[in-house]
Amino acid sequence: MAGCSRHGSPSWISAASRVDFENISRSDSGSAPSSSNRPSPSRSSDSTMGFAERSLSAAGAAFLSAILVNPLDVAKTRLQAQAAGVLYYHPPQHQYGRQMASLGPNTLLSDIRCSPSCTRGVVFGTEPVCPPDCFQYKGTLDVFFKVVRQEGFARLWRGTNAGLALAVPTVGIYLPCYDIFRNWMENFTTCNAPGLTPYAPLFAGSLARSLACIACSPIELARTRMQAYKEFRTGVKPPGMWKTLLGVLSPLGSTNQNFQNYRVLWTGVGAQLARDVPFSAICWSTLEPIRRKLLALVGEEGNAASVLGANFSAGFVAGTLASAATCPLDVAKTRRQIEKDPERALKMTTRQTLVEIWRDGGMKGLFTGAGPRVGRAGPSVGIVVSFYEVVKYFLHQRSTNT
């Protein structure tokens with residue numbers, strides 16, 4: 001196994017993805033005979049790096065990405081939840097409701113104050129009320145505008161705590177496992193079945209993502225619900241991650257609590273796997289060849305900025321393509337996870353959900369929230385991949401120097 005090697009890239013590129021700052025500053029590619037006797041720093045630094053160092057690097061990348069792109073995640077979830085029937089206003093329950101309803105469906109007013117500056121609001125008694133379409137989202141920018149106006153700027157980061165609680169362990173499992181699986185598969189296939197080597201990223205990404213999804217599905221459920229639903233009561237803080245998960249279990253409180261009941265915490269895990277496994281397969285099988293070609297173009301004259309640019313560019317393109325292709329499965333996942341009837345949630349399947357979405361909204365329904373999803377995934381993958389490689393390298397350098 002040690003005698004097998006991969007060719008076609010500059011000497012400072014190991015496994016087509018390593019950020020090797022040592023060999024960037026040295027152009028010793030002509031010393032090929034000696035490199036067979038002594039492993040290159042890039043190869044040895046990556047192969048000897050422990051799982052803890054990889055996880056720490058991935059967690060840092062996930063932390064940065066989750067904070068930067070959370071508003072797009074909120075917009076995507078709100079648009080998908082609205083298409084599933086979630087209302088972002090209260091139906092009228094006060095004494096003026098019947099009077100306004102008698103004027104027709106377009107004048108039906110809600111209990112919730114839209115905005116002090118809303119010109120369409122009508123004051124009854126002491127409370128201003130607005131038509132329901134003041135609370136209906138028409139697109140990504142409209143979600144941003146109405147969330148900020150009606151709920152406050154901080155609500156664009158609703159679910160960030162759950163997102164961080166999800167991203168850190170998920171990516172902490174995902175990227176290190178992907179690294180380890182891919183390295184092993186590439187080394188094994190290079191020696192035993194060279195024709196299968198290009199498919200190593202596809203299988204490694206799918207397997208690593210499956211492990212991460214199953215382990216962290218309850219947190220994903222909490223984040224989706226936190227972003228999908230808004231708090232109507234004035235001055236009441238929306239429930240956090242743990243209260244949201246307890247709320248998922250509360251309808252089962254009257255029944256015998258057993259292991260079967262806790263399956264509801266994994267509601268939508270099938271749809272999530274159906275979304276994330278193809279996403280990872282498409283993403284990594286696209287990212288690796290693009291990154292390899294970009295790094296090969298840079299050659300031995302490359303610097304740290306060009307290497308980071310190559311990683312980010314490849315991640316951006318791969319994340320954009322993968323997110324667009326898997327958008328219908330993301331809509332199905334959201335719809336399953338916002339289902340509040342636990343019995344129906346457990347009985348629903350991904351196929352049934354997709355058929356239901358198609359019946360209700362056709363092709364447009366299957367791609368609800370595609371704009372913010374694609375806008376989120378491209379930068380997110382680029383940030384995670386670039387940051388992961390850099391932090392991983394510096395952590396390893398620090399450990400070897402101490």
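Helix axes here are lines fitted to C-alpha atoms over the stretch in contact, and the angle between two of them runs from 0 to 180 degrees between N-to-C directions. The structure is a predicted model, in which local features need pLDDT of at least 70 and side-chain atom pairs count only at pLDDT 80 or more, while totals for chains, interfaces and linings use all residues. Residues are numbered from 1 along each chain as its sequence is written, and side-chain values use heavy atoms, with hydrogens and water left out.

**Overall make-up**

- The protein has 15 helices and 2 strands, where helices (H or I, at least four residues) and strands (E, at least two) are DSSP runs numbered from the N terminus.
- Of its 402 residues, 49% count as buried, a word that stands for under 20% relative accessible area with a 1.4 Å probe and protein chains only.
- Among contacts (heavy atoms within 4.5 Å) between residues at least 6 apart in sequence, 74% join residues at least 24 apart.

**Nonpolar cores**

- A nonpolar core is a set of buried Ala, Val, Leu, Ile, Met, Phe, Trp, Tyr and Cys residues joined through side-chain atoms within 4.5 Å, and the largest one has 23 residues, with Leu-175, Phe-279, Cys-283, Trp-284, Leu-287 and Val-381 having the most contacts inside it.
- The elements that give two or more residues to this core include helix H7 (160-192), helix H10 (269-298) and helix H15 (370-401).
- Leaving aside neighbours within four places in sequence, Trp-284 is in contact with residues including Tyr-174, Leu-175, Pro-201 and Val-385.

**Helix H12 and its partners**

- H10 and helix H12 (residues 327-337) pack at an angle of about 160 degrees with their axes 8 Å apart, which makes H10 roughly antiparallel to H12, a label for angles over 145 degrees.
- Where H10 meets H12, Ala-271, Gln-272, Ala-274 and Arg-275 of H10 face residues of H12 including Leu-329, Ala-332 and Arg-336.
- H8 and H12 pack at an angle of about 85 degrees with their axes 9 Å apart, and they are therefore roughly perpendicular to each other, a label for angles of 65 to 115 degrees.
- The contact between H8 and H12 is made by Ser-217, Glu-220, Leu-221, Thr-224 and Arg-225 of H8 and by Lys-333, Thr-334 and Gln-337 of H12.

**A residue in helix H4**

- Ala-62 is found in helix H4 and is buried, with a relative accessible area of 2%.
- The C-alpha atoms of Ala-62 and Thr-170 are separated by 8.6 Å, although these residues are 108 residues apart along the chain.

Conventions. Buried means under 20% relative accessible area, exposed over 50%, partly exposed in between (1.4 Å probe, protein chains only). Angles under 35 degrees count as roughly parallel, over 145 as roughly antiparallel, 65 to 115 as roughly perpendicular and the rest as oblique.
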